[in-house]
Amino acid sequence: MNYVALKMLFGDRAKYLMLLSGLTFAVMLIVQQGSIFWGLMTWTQSSISNSNAPIWVTDPGIAQVDEVKPIADTAVDRVRSVPGVEWAVPLYKGLLRARLSNGDYHQITLTGLESSTLIGRPAEVLEGRFEDVLQPDAVVLDQWAVERMGGPNVIKIGTVFELNDKLARVVAIAKTQKSFTNIPVVYTTYERAISYVPRERRTLSYVLAKAKDGVPVAEVTTRIHEQTGLGAFTAEAFGWKTFMWVLKNTGIGINFGTTIVLGFIVGMAISGQTFYLFTVENLRQFGALKAMGASTFTLARMILLQAFTVGLTGYGVGIGLASAFGFFAAGSGGLPFVETWQLLFIVLVALLAICTFSALISIVKLARLEPAIVFRGA
């Protein structure tokens with residue numbers, strides 16, 4: 001019966017291709033939009049992922065990582081004194097304007113790292129040596145700063161520009177995760193960063209810390225909060241806090257969610273209608289099988305085999321097309337595209353739901369089918 005079912009499915013090539021196209025479109029749309037959505041969410045957490053710090057300590061009322069609320073400089077020593085903390089270092093993060101030699105101004109994110117350890121630095125350097133940031137007036141740019149501030153012909157190692165009327169000399173280019181706002185990042189030492197910005201009573205943005213080996217990170221963050229009164233988050237928790245803030249305060253979730261739901265509905269409507277028409281046009285064949293003794297259960301199994309065969313084929317083709325889109329359109333990093341196994345699993349479950357729904361419509365029709373239909377005139 002399985003052979004007969006597949007023969008019927010592939011024999012009507014027009015209906016088969018229509019079914020395949022509808023399911024492929026639904027899968028491609030859901031995977032593409034889901035991957036772009038998750039890519040955008042990773043961009044919102046770029047400050048966290050680029051630093052590789054396990055614990056972030058800051059003002060307890062902070063809503064997301066780019067909302068900097070300065071804290072007292074004494075916070076570093078207070079965090080270091082908490083049992084279970086292996087090390088704690090200061091981090092400055094703030095917006096500033098850079099003035100190039102040609103007179104152009106560009107907004108940048110200035111990041112100041114503790115000079116003795118450079119904790120919070122990007123893991124990969126594309127050009128130069130990050131350690132050279134310890135030299136006088138030295139700064140390190142990320143690759144997006146080069147792109148946004150004029151390209152490699154304008155910004156390169158040795159380029160000098162101004163930050164708040166003070167000189168800054170590029171000594172290296174680092175590779176970072178692109179940020180949601182796409183504002184270039186300039187790295188320097190904490191002390192130099194403080195000298196670049198206008199003096200304020202509080203200049204410390206974050207304290208980066210690490211728990212001692214064998215001590216649970218969650219336990220250390222709880223101790224830091226209880227003993228200092230500051231907000232303490234693991235990198236993962238801070239990332240999710242930022243993620244939820246973006247969903248709540250922007251229309252990103254609604255926009256992408258609407259597109260994904262529409263893709264699901266369109267795929268279900270096309271496949272359901274087409275599969276129903278496919279069944280109706282083959283009622284004589286199903287009637288003949290029923291007249292020869294095939295049970296309704298057997299016919300239902302044949303319908304499910306047909307539905308899942310075309311569904312899984314459409315799943316594979318749809319994922320292939322979405323992945324190809326991500327490879328060519330987002331390969332340079334200009335478009336957020338992160339395809340995860342969780343997304344692919346969710347899409348598979350959604351596709352099986354579409355196939356099951358489409359098959360049930362036809363099964364209901366077959367359950368009421370009279371075998372005598374095969375003896376009726378055309």
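Trainee: What makes V338 count as partly exposed?

Mentor: Its relative accessibility is 28%, and buried means under 20%, exposed over 50%, partly exposed in between (1.4 Å probe, protein chains only). So V338 counts as partly exposed. Bear in mind that this is a predicted model, where local features need pLDDT of at least 70, side-chain atom pairs count only at pLDDT 80 or more, and totals for chains, interfaces and linings use all residues. Residues are numbered from 1 along each chain as its sequence is written, and side-chain values use heavy atoms, leaving out hydrogens and water.

Trainee: Which residues does V338 touch, not counting those up to four places away in sequence?

Mentor: S35, W38, G39 and T42, with contact meaning heavy atoms within 4.5 Å. V338 itself is in the loop between α11 (296-329) and α12.

Trainee: Why are α2 and α12 called roughly antiparallel?

Mentor: Helix α2 (residues 13-44) and helix α12 (residues 341-367) pack at about 150 degrees, with axes 10 Å apart. Axes are lines fitted to C-alpha atoms over the stretch in contact, and angles run from 0 to 180 degrees between N-to-C directions. Angles under 35 degrees count as roughly parallel, over 145 as roughly antiparallel, 65 to 115 as roughly perpendicular and the rest as oblique. The pair is therefore roughly antiparallel.

Trainee: Which residues of α2 and α12 meet?

Mentor: L23, V27, I30, V31, G34 and S35 in α2 meet L343, L344, V347, L351, I354 and C355 in α12. By class, that contact has 10 nonpolar, 2 polar and no charged residues.

Definitions and conventions
Helix = DSSP H or I, 4+ residues; strand = E, 2+ residues; numbered from the N terminus. Nonpolar A, V, L, I, M, F, W, Y, C, P; charged D, E, K, R; others polar.
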